[in-house]
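Please look over the model shown here before reading the briefing, which is grouped by topic.

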Amino acid sequence: MGMLYRRKNKKKDGSVVEGKIWWLKYYQNGKPIFESSGTTKKMKAKKLLEQREGRIADGKDPGVHFEKVLFDELAQDLLTDYRVNGKDERRAEISVDNLEGFFKGMRAPAITTAKVKEYMEQRMEDGVTHGTINRELSALKRMFNLGVQCTPPKVGQVPYIPMLKENNVRKGFFEHSEYLALLKAISELYRPILTFGYKTGWRKGEILGLTWDRVDLREGAVRLEVGETKNKEARTIYVDEEVLGLLKEQFKKRSLGCPYVFHRKGKKIAGFVKAWAKACGTAKIPGRIFHDLRRTAVRNMVRAGIPERVAMQISGHKTRSVFDRYNIVSPDDLKAAASKQEAYLKTLKDDTTVTPTVTIAD
């Protein structure tokens, strides 16, 4: 049976005074546990004591150390989990940075559903898309799941974390004339990257991380190994004459000691956001992103009659739902459909013969 008490403190003059904070004493496996309630209010301390004894009665950890665990520790555990499992930390780091702006220094038990909703409201007021907020909330939920899985556990439970409905799926793509305009406008350094993305539908990170040991110029083949792709599956493609030609040009311009196919003065290209935005403005197609090339490549392959399974292998799409979303219908597609339907209807013959109705009087 547990109890509440106040500690007695001895002053310098030798007198003894009773402290204001209530302390808990309860037992687990016959061993006494002493814990500060952190409050001067007896009813709050009593409620905490009942919670501790209730968890012990259910065979659970009393959670005495849960109160000491901060968001910061859970966030670091998440990043460690990404590193240990060979996952890309960049997305997780971005989510953690944004979450820290609200939850940094907060004790884990204080991160309730109500607090999570406050965070969601704040991010929406900042103009952040639902998709981005959901990625951050997923990271937060993963932190708590990792905390529960620890031995001993770092958190007692995972709070309910609601997700927002995502209506921000991008549908951008390039018409061929727009691609040519962008190709002309962008710096010569980035033209091979643009063409490679337009033809293959590869992700920007996959293209910028491509190394020469993954390229076979004789066979015209390029491959990515397990762990180098987002879906963790190996991928091999055969390129057309234009892409093979640009790869050969890149090989001639390769830098000694640099393993990357596409590089900037012998260094890996981390990105080219400013150059991209400037080129899009010059080509009069503002607001486009590099990922729009991926959608475009999928659409072009399907229209070219390439079997969908083969197109998915080339672009690296693992799930059909994502692949279907990228096979976008343009206004020209709809106009072509109307023309085809009209042409078809004109080929039909009118085989219907109207038989007059004859009424015979009695």
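**Cysteines**

C258 is buried, with a relative accessible area of 7%, where buried means under 20% relative accessible area, exposed over 50% and partly exposed in between (1.4 Å probe, protein chains only). This is a predicted model, in which local features need pLDDT of at least 70 and side-chain atom pairs count only at pLDDT 80 or more, while totals for chains, interfaces and linings use all residues. Residues are numbered from 1 along each chain as its sequence is written, and side-chain values use heavy atoms, with hydrogens and water left out.

- C150 is partly exposed, with a relative accessible area of 26%.
- The structure holds 0 disulfides, a disulfide being a pair of cysteine sulfur atoms within 2.5 Å.

**Sheet β1-β2-β3**

- In this open sheet, 3 strands follow the order β1-β2-β3 with antiparallel pairing; strands (E, at least two residues) and helices (H or I, at least four) are DSSP runs numbered from the N terminus, and two strands pair if DSSP finds at least two bridges between them.
- β1 (3-10) and β3 (31-36) stand at the edges with a single partner strand each, so one side of each is left without a neighbour in the sheet.
- β1 pairs with β2 (residues 16-28) over 7 bridges in the antiparallel sense, and the bridge partner of R6 in β2 is W22.

**Sheet β4-β5-β6**

- Another open sheet of 3 strands has the order β4-β5-β6 and antiparallel pairing, and its edge strands, β4 (215-216) and β6 (235-238), each pair on one side only.
- β4 is joined to β5 (residues 221-224) by 2 bridges, the two strands running antiparallel, and V215 stands opposite V222 in β5.
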